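Please look over the sequence and the model before reading on.

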Amino acid sequence: MRKTGTRFLILVTVNPATSNQDPEPHIVDLGKLTIDELLEEVQKRVQSSPDTKLKRKLASIVERRSLPAKRRGFTQKAKINGQAIFLRTGEYSDGTLGEIFIDMAKEGATMRSMLNCFAIAISIGLQYGVPLEEFVDKFAFTRFEPAGFVEHPNIKSTTSIVDFIFRVLGYEYLGRTDLVHVLDKPEVLNTGTDDWDDVPSGLEYAKAPELSSVRILNKSAGGTQAGKTKHTNTGKPESGLDAINAAAKSMQGDAPACNVCGHITVRSGTCYKCLNCGNSLGCS
(Lines give C-alpha, C1' and ligand atoms only; values in the text may rest on other atoms or scores of the structure.)
Protein backbone atom coordinates (compact mmCIF):
# COMPACT_ATOMS: atom_id res chain seq x y z
CA MET A 1 0.00 0.00 0.00
CA ARG A 2 1.34 3.44 -0.86
CA LYS A 3 0.11 6.99 -0.68
CA THR A 4 0.16 9.31 -3.66
CA GLY A 5 -0.93 12.81 -2.74
CA THR A 6 -4.23 12.34 -0.91
CA ARG A 7 -5.10 9.04 -2.60
CA PHE A 8 -4.26 5.60 -1.18
CA LEU A 9 -3.32 2.83 -3.60
CA ILE A 10 -3.11 -0.89 -2.86
CA LEU A 11 -1.19 -3.53 -4.78
CA VAL A 12 -3.23 -6.60 -5.69
CA THR A 13 -1.40 -9.65 -7.05
CA VAL A 14 -3.34 -11.84 -9.46
CA ASN A 15 -2.88 -15.60 -9.10
CA PRO A 16 -1.77 -17.05 -12.46
CA ALA A 17 -3.47 -20.38 -11.71
CA THR A 18 -6.88 -18.73 -11.63
CA SER A 19 -6.32 -16.07 -14.25
CA ASN A 20 -5.07 -15.90 -17.83
CA GLN A 21 -3.32 -12.63 -17.15
CA ASP A 22 0.34 -12.26 -16.28
CA PRO A 23 1.20 -12.53 -12.58
CA GLU A 24 1.91 -8.85 -12.11
CA PRO A 25 0.69 -6.53 -9.40
CA HIS A 26 -2.23 -4.27 -10.16
CA ILE A 27 -2.72 -0.93 -8.48
CA VAL A 28 -6.21 -0.43 -7.05
CA ASP A 29 -7.46 2.92 -5.84
CA LEU A 30 -8.90 2.57 -2.32
CA GLY A 31 -11.25 5.43 -2.96
CA LYS A 32 -13.06 3.31 -5.53
CA LEU A 33 -13.62 0.37 -3.16
CA THR A 34 -16.70 -0.05 -1.02
CA ILE A 35 -16.42 -0.40 2.73
CA ASP A 36 -17.10 -4.13 2.60
CA GLU A 37 -14.49 -4.70 -0.08
CA LEU A 38 -11.93 -2.66 1.82
CA LEU A 39 -12.54 -4.51 5.08
CA GLU A 40 -12.36 -7.85 3.31
CA GLU A 41 -9.05 -6.95 1.66
CA VAL A 42 -7.52 -5.70 4.90
CA GLN A 43 -8.70 -8.79 6.78
CA LYS A 44 -7.12 -11.10 4.19
CA ARG A 45 -3.81 -9.28 4.35
CA VAL A 46 -3.75 -9.20 8.16
CA GLN A 47 -4.45 -12.93 8.43
CA SER A 48 -1.94 -13.92 5.75
CA SER A 49 0.86 -11.69 7.02
CA PRO A 50 3.35 -13.32 9.44
CA ASP A 51 4.20 -9.91 10.87
CA THR A 52 2.03 -8.91 13.85
CA LYS A 53 3.02 -5.25 13.74
CA LEU A 54 -0.09 -4.34 11.74
CA LYS A 55 -2.30 -6.29 14.11
CA ARG A 56 -0.86 -4.46 17.10
CA LYS A 57 -1.37 -1.13 15.34
CA LEU A 58 -5.00 -1.97 14.63
CA ALA A 59 -5.51 -3.05 18.24
CA SER A 60 -4.12 0.26 19.49
CA ILE A 61 -6.80 2.13 17.53
CA VAL A 62 -9.51 0.81 19.87
CA GLU A 63 -10.08 3.28 22.70
CA ARG A 64 -11.16 2.43 26.20
CA ARG A 65 -14.67 3.55 27.01
CA SER A 66 -14.59 4.91 30.52
CA LEU A 67 -17.51 4.58 32.89
CA PRO A 68 -19.20 7.68 34.33
CA ALA A 69 -18.23 8.69 37.85
CA LYS A 70 -21.79 8.07 39.07
CA ARG A 71 -23.20 4.89 37.61
CA ARG A 72 -25.98 2.42 38.18
CA GLY A 73 -25.85 -1.32 38.68
CA PHE A 74 -27.03 -3.99 41.07
CA THR A 75 -25.67 -6.09 43.93
CA GLN A 76 -26.53 -9.78 43.99
CA LYS A 77 -26.01 -11.86 47.10
CA ALA A 78 -26.07 -15.65 46.90
CA LYS A 79 -24.74 -18.72 48.66
CA ILE A 80 -22.97 -21.50 46.80
CA ASN A 81 -23.01 -24.64 48.90
CA GLY A 82 -23.08 -22.44 52.02
CA GLN A 83 -20.37 -20.04 50.79
CA ALA A 84 -21.65 -16.45 50.54
CA ILE A 85 -20.75 -14.45 47.44
CA PHE A 86 -21.51 -10.85 46.44
CA LEU A 87 -21.59 -9.80 42.78
CA ARG A 88 -21.68 -6.06 42.03
CA THR A 89 -21.99 -4.50 38.58
CA GLY A 90 -21.42 -1.07 37.08
CA GLU A 91 -23.35 0.10 34.02
CA TYR A 92 -23.02 2.75 31.36
CA SER A 93 -25.72 5.34 30.90
CA ASP A 94 -27.37 3.13 28.25
CA GLY A 95 -27.66 0.20 30.66
CA THR A 96 -24.87 -1.97 29.22
CA LEU A 97 -22.40 -3.69 31.52
CA GLY A 98 -19.06 -1.98 32.09
CA GLU A 99 -17.48 -3.51 35.18
CA ILE A 100 -17.94 -6.18 37.86
CA PHE A 101 -16.82 -6.65 41.44
CA ILE A 102 -16.64 -10.01 43.22
CA ASP A 103 -16.53 -10.41 46.99
CA MET A 104 -16.76 -13.52 49.12
CA ALA A 105 -17.26 -13.98 52.83
CA LYS A 106 -14.57 -15.79 54.87
CA GLU A 107 -12.17 -16.17 51.95
CA GLY A 108 -8.41 -16.10 52.26
CA ALA A 109 -6.03 -13.48 50.93
CA THR A 110 -5.09 -15.58 47.92
CA MET A 111 -8.67 -16.24 46.92
CA ARG A 112 -9.60 -12.60 47.39
CA SER A 113 -6.69 -11.38 45.28
CA MET A 114 -7.40 -13.85 42.48
CA LEU A 115 -11.07 -12.85 42.34
CA ASN A 116 -10.17 -9.14 42.33
CA CYS A 117 -7.70 -9.60 39.48
CA PHE A 118 -10.20 -11.69 37.54
CA ALA A 119 -12.90 -9.02 37.97
CA ILE A 120 -10.51 -6.26 36.87
CA ALA A 121 -9.52 -8.23 33.76
CA ILE A 122 -13.17 -8.79 32.80
CA SER A 123 -13.98 -5.11 33.42
CA ILE A 124 -11.12 -3.87 31.25
CA GLY A 125 -12.17 -6.23 28.46
CA LEU A 126 -15.73 -4.94 28.60
CA GLN A 127 -14.54 -1.33 28.51
CA TYR A 128 -12.39 -2.05 25.45
CA GLY A 129 -15.36 -3.44 23.56
CA VAL A 130 -15.17 -7.19 24.13
CA PRO A 131 -18.76 -8.49 23.86
CA LEU A 132 -20.27 -9.90 27.01
CA GLU A 133 -21.45 -12.88 24.98
CA GLU A 134 -17.83 -13.95 24.49
CA PHE A 135 -17.16 -14.00 28.23
CA VAL A 136 -20.41 -15.84 28.97
CA ASP A 137 -19.76 -18.54 26.37
CA LYS A 138 -16.15 -18.93 27.52
CA PHE A 139 -16.58 -19.08 31.31
CA ALA A 140 -20.02 -20.63 31.77
CA PHE A 141 -20.05 -24.27 32.92
CA THR A 142 -16.48 -24.16 34.28
CA ARG A 143 -16.09 -26.71 37.06
CA PHE A 144 -14.23 -26.36 40.36
CA GLU A 145 -15.03 -26.03 44.06
CA PRO A 146 -17.02 -24.54 45.69
CA ALA A 147 -19.94 -25.88 43.68
CA GLY A 148 -23.38 -27.31 44.31
CA PHE A 149 -26.72 -25.87 45.31
CA VAL A 150 -27.23 -22.11 45.15
CA GLU A 151 -29.51 -19.86 47.20
CA HIS A 152 -30.71 -17.69 44.32
CA PRO A 153 -34.22 -17.04 42.98
CA ASN A 154 -33.34 -18.13 39.43
CA ILE A 155 -30.17 -20.24 39.61
CA LYS A 156 -30.49 -23.33 41.79
CA SER A 157 -27.19 -25.11 41.12
CA THR A 158 -23.79 -24.22 39.72
CA THR A 159 -20.50 -25.91 38.90
CA SER A 160 -18.22 -23.11 40.19
CA ILE A 161 -18.11 -19.50 41.30
CA VAL A 162 -17.17 -18.35 37.80
CA ASP A 163 -20.01 -20.36 36.32
CA PHE A 164 -22.48 -18.69 38.71
CA ILE A 165 -21.16 -15.19 37.94
CA PHE A 166 -21.58 -15.49 34.20
CA ARG A 167 -24.92 -17.24 34.52
CA VAL A 168 -26.17 -14.20 36.41
CA LEU A 169 -24.62 -11.73 33.93
CA GLY A 170 -25.96 -13.63 30.94
CA TYR A 171 -29.47 -13.72 32.38
CA GLU A 172 -29.58 -10.11 33.59
CA TYR A 173 -27.93 -8.36 30.63
CA LEU A 174 -28.36 -10.75 27.69
CA GLY A 175 -31.68 -12.41 28.52
CA ARG A 176 -30.12 -15.89 28.40
CA THR A 177 -32.91 -17.96 29.88
CA ASP A 178 -31.05 -21.15 29.00
CA LEU A 179 -28.56 -20.45 31.81
CA VAL A 180 -31.10 -20.34 34.65
CA HIS A 181 -33.39 -22.93 36.19
CA VAL A 182 -36.36 -20.80 37.29
CA LEU A 183 -37.72 -17.87 35.29
CA ASP A 184 -39.15 -14.75 36.85
CA LYS A 185 -42.93 -14.78 37.03
CA PRO A 186 -44.52 -12.03 34.93
CA GLU A 187 -46.09 -9.30 37.03
CA VAL A 188 -49.75 -8.81 36.19
CA LEU A 189 -51.02 -5.27 36.74
CA ASN A 190 -54.35 -3.47 36.38
CA THR A 191 -56.49 -6.36 37.56
CA GLY A 192 -59.12 -4.02 39.04
CA THR A 193 -58.39 -4.96 42.66
CA ASP A 194 -55.93 -2.21 43.49
CA ASP A 195 -56.62 0.62 45.93
CA TRP A 196 -56.74 3.26 43.22
CA ASP A 197 -59.53 1.36 41.44
CA ASP A 198 -62.04 2.41 44.16
CA VAL A 199 -63.67 5.63 42.90
CA PRO A 200 -64.69 8.02 45.71
CA SER A 201 -68.38 8.88 45.89
CA GLY A 202 -69.55 12.38 45.02
CA LEU A 203 -67.18 12.79 42.08
CA GLU A 204 -68.26 13.28 38.50
CA TYR A 205 -66.71 9.99 37.46
CA ALA A 206 -68.36 7.98 40.25
CA LYS A 207 -69.83 4.60 39.45
CA ALA A 208 -73.23 4.42 37.75
CA PRO A 209 -76.21 3.50 39.96
CA GLU A 210 -77.32 -0.09 40.07
CA LEU A 211 -80.57 -1.20 38.45
CA SER A 212 -82.24 -1.72 41.83
CA SER A 213 -81.88 2.01 42.63
CA VAL A 214 -83.38 3.28 39.35
CA ARG A 215 -87.09 4.06 39.01
CA ILE A 216 -89.16 5.05 35.96
CA LEU A 217 -91.71 7.77 36.67
CA ASN A 218 -94.82 8.74 34.72
CA LYS A 219 -95.40 12.19 33.30
CA SER A 220 -96.61 14.53 36.06
CA ALA A 221 -98.43 17.83 35.97
CA GLY A 222 -95.17 19.74 36.29
CA GLY A 223 -94.13 18.61 32.80
CA THR A 224 -91.81 15.80 33.75
CA GLN A 225 -91.25 13.52 30.77
CA ALA A 226 -92.17 9.87 31.00
CA GLY A 227 -89.28 7.49 31.16
CA LYS A 228 -86.95 9.88 33.06
CA THR A 229 -85.06 8.07 35.81
CA LYS A 230 -84.50 9.30 39.32
CA HIS A 231 -82.77 7.96 42.41
CA THR A 232 -85.12 6.88 45.16
CA ASN A 233 -85.21 9.03 48.28
CA THR A 234 -86.60 7.18 51.29
CA GLY A 235 -89.44 8.91 53.16
CA LYS A 236 -90.50 11.39 50.40
CA PRO A 237 -93.34 10.89 47.85
CA GLU A 238 -92.12 10.71 44.27
CA SER A 239 -95.31 11.78 42.40
CA GLY A 240 -98.77 13.32 42.86
CA LEU A 241 -100.42 9.90 42.97
CA ASP A 242 -98.13 8.79 45.77
CA ALA A 243 -98.99 11.96 47.71
CA ILE A 244 -102.74 11.25 47.44
CA ASN A 245 -102.29 7.66 48.51
CA ALA A 246 -100.20 8.73 51.49
CA ALA A 247 -102.80 11.33 52.52
CA ALA A 248 -105.68 8.86 52.12
CA LYS A 249 -103.86 6.28 54.18
CA SER A 250 -103.35 8.75 57.00
CA MET A 251 -107.04 9.75 56.84
CA GLN A 252 -108.26 6.15 56.84
CA GLY A 253 -106.42 5.05 59.92
CA ASP A 254 -109.55 4.95 62.15
CA ALA A 255 -112.32 5.42 59.51
CA PRO A 256 -115.33 3.07 59.61
CA ALA A 257 -116.82 1.26 56.62
CA CYS A 258 -119.68 2.80 54.67
CA ASN A 259 -123.07 1.44 55.72
CA VAL A 260 -124.34 1.72 52.14
CA CYS A 261 -121.64 0.26 49.88
CA GLY A 262 -119.12 -1.12 52.36
CA HIS A 263 -116.10 0.93 51.22
CA ILE A 264 -113.77 2.49 53.75
CA THR A 265 -114.67 6.11 54.40
CA VAL A 266 -112.29 9.05 54.83
CA ARG A 267 -112.35 11.78 57.43
CA SER A 268 -114.07 15.01 56.32
CA GLY A 269 -113.94 17.46 59.17
CA THR A 270 -115.79 15.85 62.05
CA CYS A 271 -117.57 13.41 59.72
CA TYR A 272 -116.61 10.45 57.54
CA LYS A 273 -117.38 10.50 53.84
CA CYS A 274 -117.47 7.60 51.42
CA LEU A 275 -115.56 8.37 48.22
CA ASN A 276 -117.41 5.58 46.39
CA CYS A 277 -121.10 6.44 46.93
CA GLY A 278 -120.87 9.87 48.59
CA ASN A 279 -122.57 8.80 51.84
CA SER A 280 -121.65 10.65 55.01
CA LEU A 281 -121.39 9.12 58.45
CA GLY A 282 -121.18 10.52 61.93
CA CYS A 283 -122.70 13.87 61.11
CA SER A 284 -125.70 15.13 63.11
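Is strand β6 mostly covered or mostly open, and how many of its eight residues are buried? The answer is given below, after a short account of the chain.

## The chain as a whole

The model is predicted. Its chain has 284 residues, and 23% of them count as buried. Six helices and 13 strands make up the list of its secondary structure elements.

The chain exposes about 20700 Å², and 54% of that area is supplied by carbon and sulfur atoms. Among contacts in the chain with a separation of 6 or more, 32% are between residues 24 or more positions apart.

## A sheet of three strands

Three strands form an open sheet in the order β4-β5-β6, and their pairing is antiparallel. At the edges are β4, residues 75–80, and β6, residues 97–104, each of which pairs on one side only. From one strand to the next, the twist averages 20 degrees.

Although β6 is an edge strand, six of its eight residues are buried, and the strand is mostly covered. This answers the opening question.

## The pairing of β5 and β6

Strand β5 covers residues 83–91 and runs antiparallel to β6, to which seven bridges join it. Glu-91 stands opposite Leu-97 in β6, and Arg-88 stands opposite Phe-101 in β6.

The two strands form a hairpin with five residues between them. In this hairpin Gly-95 has a positive phi, near 90 degrees.

Most residues other than glycine have a negative phi, and most peptide bonds are trans. Some places in the chain depart from this pattern. Asn-81, in the loop between β4 and β5, is not a glycine, yet its phi is positive at about 55 degrees. With a relative accessible area of 55%, Asn-81 is exposed.

The loop between α4 and β7 holds Phe-141, whose phi is near 70 degrees, again a positive value in a residue other than glycine. Phe-141 is exposed too, and its relative accessible area is 52%. Pro-146 is also in the loop between α4, residues 132–139, and β7, residues 148–149. The peptide bond that joins Glu-145 and Pro-146 is cis, with omega about 0 degrees.

## A histidine in a loop

Is His-152 buried or exposed? This residue is found in the loop between β7 and β8, the latter being residues 157–158. His-152 counts as buried because its relative accessibility is 5%, and the limit for that class is under 20%.

The side chain of His-152 reaches two backbone nitrogens. That of Asn-154 is at 3.0 Å, and that of Ile-155 lies 3.0 Å from a polar atom of the His-152 side chain. Apart from neighbours within four places in sequence, His-152 is in contact with Gln-76, Ala-78, Phe-164 and Val-168.

## Cysteines without disulfides

How many disulfides does the structure hold? It holds zero. Cys-261 is in no disulfide, and the nearest cysteine sulfur, in Cys-274, is 3.4 Å away. Cys-261 counts as partly exposed, at 32% relative accessibility.

Cys-277 is partly exposed, with a relative accessible area of 39%.

Cys-271 is placed in strand β12, residues 271–273. Cys-271 is buried, with a relative accessible area of 12%. The C-alpha atom of Cys-271 is separated by 9.6 Å from that of Ala-255, and the two residues are 16 residues apart along the chain.

Technical notes
Residues numbered from 1 in each chain as written. Predicted model: local features only at pLDDT ≥ 70, side-chain atom pairs only at ≥ 80, totals over all residues. Heavy atoms only, no water. Pairing = 2+ DSSP bridges. Helix = DSSP H or I, 4+ residues; strand = E, 2+ residues; numbered from the N terminus. Axes fitted to C-alpha atoms, helices over the stretch in contact; angles between N-to-C directions. Buried < 20%, exposed > 50% of the residue type's maximum accessible area, 1.4 Å probe, protein only. Disulfide = S-S within 2.5 Å. Contact = heavy atoms within 4.5 Å. Areas by Shrake-Rupley, 256 points an atom, 1.4 Å probe, with all protein chains shown as cover. Polar contact = N/O pair within 3.5 Å; in protein donor to acceptor, adjacent residues only side chain to side chain.
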